[in-house]
Amino acid sequence: ALVAQHSGFVGAWRLTGVCKAARDGARQWLRTLPSIVVCGGADYTGRVWRLNLGELQWEPMPSLTRGRSCHACCGVRGGIAVLGGIFPQASTTSVFPHASTASVEFLGHDAADEENVFQVMPPMSRGPLRVATAVAIDENMSDGGQVLLIGGWNETTFGTEPSSTLVVDLASGVCTPQPDLLYPHGRVTNCTAARLADGRVVCVGTGSGNLHGTAQILEPPVHGPTSVFGWQWRLLPGTTSGRNGCGACVLSDGRFAVFGGKGEAHNVTPSCEVLTLDGEEERWSPLPPMHTARSVFACQAIGGCVIVAGGSFGAPGVGYMGLATVEVYEEALGRWRRLPCDIPNGVEMRFMGSALM
């Protein structure tokens with residue numbers, strides 16, 4: 001188990017083929033890791049899957065209470081919170097064929113319990129919201145935990161409202177406005193975010209009028225409060241490529257990284273880059289590209305690796321297709337590997353939510 005811990009998730013999996021002692025030790029360590037969970041997506045079945053890292057197999061979990069895509073999702077207190085998104089409208093004269101929702105649901109941490117299913121929570125007081133991104137902040141004053149909800153829009157506010165930041169109390173649904181995202185290239189859309197070890201939040205997205213990559217960080221003012229309430233956004237150097245619908249996470253060395261997404265020409269890219277914040281020079285540096293170009297996919301860091309799953313690929317004039325494939329980035333070796341565990345029934349495994357559990 002000790003050797004497996006220092007080998008990372010992929011290295012531990014390799015140890016399972018060495019001998020029985022190595023296999024038992026590796027699987028013992030792999031069982032201590034949280035699982036990556038994917039939920040919902042553009043097939044609107046509401047199915048939820050968890051990747052068993054010891055067996056490299058997807059296992060079914062309780063389904064969402066309603067099928068949805070373009071929703072926000074994050075882990076909160078060992079469970080999974082799902083917020084907003086869209087679902088098909090039976091009949092409509094609207095230019096939008098899908099309706100946004102303010103609904104919220106939560107799956108508790110004891111997923112092995114057969115009675116543990118997604119519970120409907122109070123809806124967001126802010127109203128319907130799609131394509132927002134969620135980061136858990138879990139302030140102690142909340143009974144159910146709190147989520148920082150960044151960006152997003154709905155049919156009523158499309159193109160007219162600044163890119164909002166909200167603190168959502170899961171127990172009550174109350175949304176408390178925070179400073180809006182900065183938008184030097186137009187309202188920020190299809191953004192993704194992650195929380196650094198020091199509590200600051202980095203967000204990457206693209207402008208509404210173009211796909212220039214915009215990056216910013218939510219941080220406290222000098223001698224400011226430790227809570228996110230009262231923090232402000234500050235612009236960072238833009239990404240070297242457009243990152244519409246990219247994935248993001250914090251690597252084991254504490255740096256923020258982004259993967260894939262759509263570039264300025266609306267082509268889906270396999271390129272990846274990492275942000276260094278050393279106090280003197282803030283810069284983006286390239287990481288090895290993924291094997292498959294993808295956008296709007298699941299992305300989580302675990303065990304010294306980054307797992308990406310599903311998503312969409314394509315280009316203007318050709319069209320965009322769903323993906324079910326899974327890849328893993330080994331941080332220590334700086335390389336990507338394809339995993340032999342496609343998401344089951346993964347025809348439309350894009351615009352999913354994902355979290356660690």
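Student: What should I know about the model before we start?
Tutor: The model is predicted, so local features need pLDDT of at least 70 and side-chain atom pairs count only at pLDDT 80 or more, while totals for chains, interfaces and linings use all residues. Residues are numbered from 1 along each chain as its sequence is written, and side-chain values use heavy atoms, with hydrogens and water left out.

Student: Why is Thr-101 called buried?
Tutor: Buried means under 20% relative accessible area, exposed over 50%, and partly exposed in between, with a 1.4 Å probe and protein chains only; Thr-101 has a relative accessible area of 7%, and therefore counts as buried.

Student: How do you know that Cys-191 is in no disulfide?
Tutor: The structure holds zero disulfides, and for Cys-191 the nearest cysteine sulfur, that of Cys-203, is 4.0 Å away, whereas a disulfide is a pair of cysteine sulfur atoms within 2.5 Å.

Student: How do you know that the side chains of Thr-101 and Ser-103 make a polar contact?
Tutor: A polar contact is a pair of N or O atoms within 3.5 Å, where, within protein, one must be able to donate a hydrogen and the other to accept it, and residues adjacent in sequence count only if both atoms are side-chain atoms; the contact between these two side chains is at 2.9 Å.
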